[in-house]
Amino acid sequence: FIRVHARQSHGLVSHALASSIKIIFREFDVLVAQLEHQLNVGQLSMQRMVYLLQPSARVLKLLSQLALRVWDKKGGELLDILHDTLLEQGDAKGKALVLHLFSKAMGPFLEMLRRWIFDGELHDSYSEFLVQVDRSMNRDALSDDFNAQYWESRYTLSEGNIPKVLRHVASRILTAGKYLSVVKGCIENGLNRKANGDGGVVDLDMPPPQQLELDSEGSVNGITTIVETAYYYSSKALLKLLEEGH
């Protein structure tokens with residue numbers, strides 16, 4: 001699983017999961033070395049070895065089951081399976097392990113989310129984010145027809161990549177980034193106008209960038225609040241542009 005899912009084609013979320021599992025396997029290497037040392041000094045009986053391997057056996061079984069479940073998944077789908085597995089855990093150690101893996105796999109997704117809602121930029125080389133772009137839609141069409149489908153169709157939700165934990169704010173995420181994309185385009189236009197002596201740039205109150213992280217229970221409540229704040233700022237900035245500058 002680690003070898004296959006570290007390949008470029010599997011995407012950043014899968015890469016992060018494979019990397020975190022690989023780090024766990026280093027601990028198994030240390031365990032094997034410790035067992036070998038005890039064997040060499042005559043302190044390792046069969047009974048003791050079985051006892052010492054029990055915790056690792058449980059971890060390996062859980063990792064094996066998880067690897068099979070997420071084998072052909074990526075992006076939001078992979079995160080959903082990890083989250084479902086987290087909710088299924090009945091013991092504290094199993095829950096802690098899956099929560100760790102879920103948090104690590106969520107990292108690249110949250111970084112894409114951060115750049116989208118704070119910069120209006122979509123960085124998704126592997127098509128695994130909840131927002132997708134139709135690059136065939138050209139903004140130049142707006143100069144000919146203001147009612148062109150550019151604003152509606154350029155950026156849309158990718159239904160298969162919306163994690164269930166973020167589905168309730170998916171439309172807010174999409175809109176916040178779209179608004180910032182419009183704002184950035186207008187600012188660039190304003191700078192060009194200023195350079196040509198045709199006007200200035202509207203002073204905007206942009207959303208303050210923040211780190212996006214899961215809480216200690218794997219909840220996204222804090223992220224939801226940040227998304228709502230970013231949506232408010234981007235809406236306010238766009239409205240101010242339309243009223244004062246464009």
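Modeller: To begin with a definition, Ala, Val, Leu, Ile, Met, Phe, Trp, Tyr, Cys and Pro count as nonpolar, Asp, Glu, Lys and Arg as charged, and the others, Gly among them, as polar. This is a predicted model, in which local features need pLDDT of at least 70, side-chain atom pairs count only at pLDDT 80 or more, and totals for chains, interfaces and linings use all residues. Residues are numbered from 1 along each chain as its sequence is written, and side-chain values use heavy atoms, without hydrogens and water.

Biologist: Which element of the chain has the lowest mean pLDDT?

Modeller: Over the chain, the mean pLDDT (the predictor's confidence in each residue, from 0 to 100) is 86, and 87% of the residues reach 70 or more. Among the elements, which are DSSP runs numbered from the N terminus (helices, H or I, of at least four residues; strands, E, of at least two), H2 has the highest mean, 94, whereas the lowest, 75, belongs to H6.

Biologist: At what angle do helix H2 and helix H5 pack?

Modeller: Axes are lines fitted to C-alpha atoms, for helices over the stretch in contact, and angles run from 0 to 180 degrees between N-to-C directions. For H2 (residues 12-40) and H5 (residues 92-119), the axes lie 7 Å apart and the angle is about 140°.

Biologist: How many residues of the contact of H2 with H5 are charged?

Modeller: The contact (heavy atoms within 4.5 Å) includes Leu12, Ala16 and Ile24 of H2, and His100, Lys104 and Phe109 of H5. By class, 11 of the contact residues are nonpolar and 2 are polar, while the number charged is 1.

Biologist: Which element gives the largest share of the lining of the second largest pocket?

Modeller: On a 1 Å grid over the protein atoms alone, a pocket is an open set of points with protein on both sides within 12 Å along at least five of seven lines, a cavity is a set where a 1.4 Å probe fits but cannot get out, and lining residues have an atom within 4 Å of a point. Of the 16 lining residues of the second largest pocket, Pro55, Arg58, Val59, Lys93 and Leu97 are the closest to its centre. The lining has 7 nonpolar, 4 polar and 5 charged residues, and its largest share, 7 residues, comes from H3.

Biologist: Which helix supplies the largest share of the lining of the largest cavity?

Modeller: Tyr150, Trp151, Arg154, Tyr155, Lys178, Ser181 and Val182 form this lining, which divides into 4 nonpolar, 1 polar and 2 charged residues. At least two residues each come from H6 (150-153) and H7 (170-195), and the largest share, 3 residues, comes from H7.
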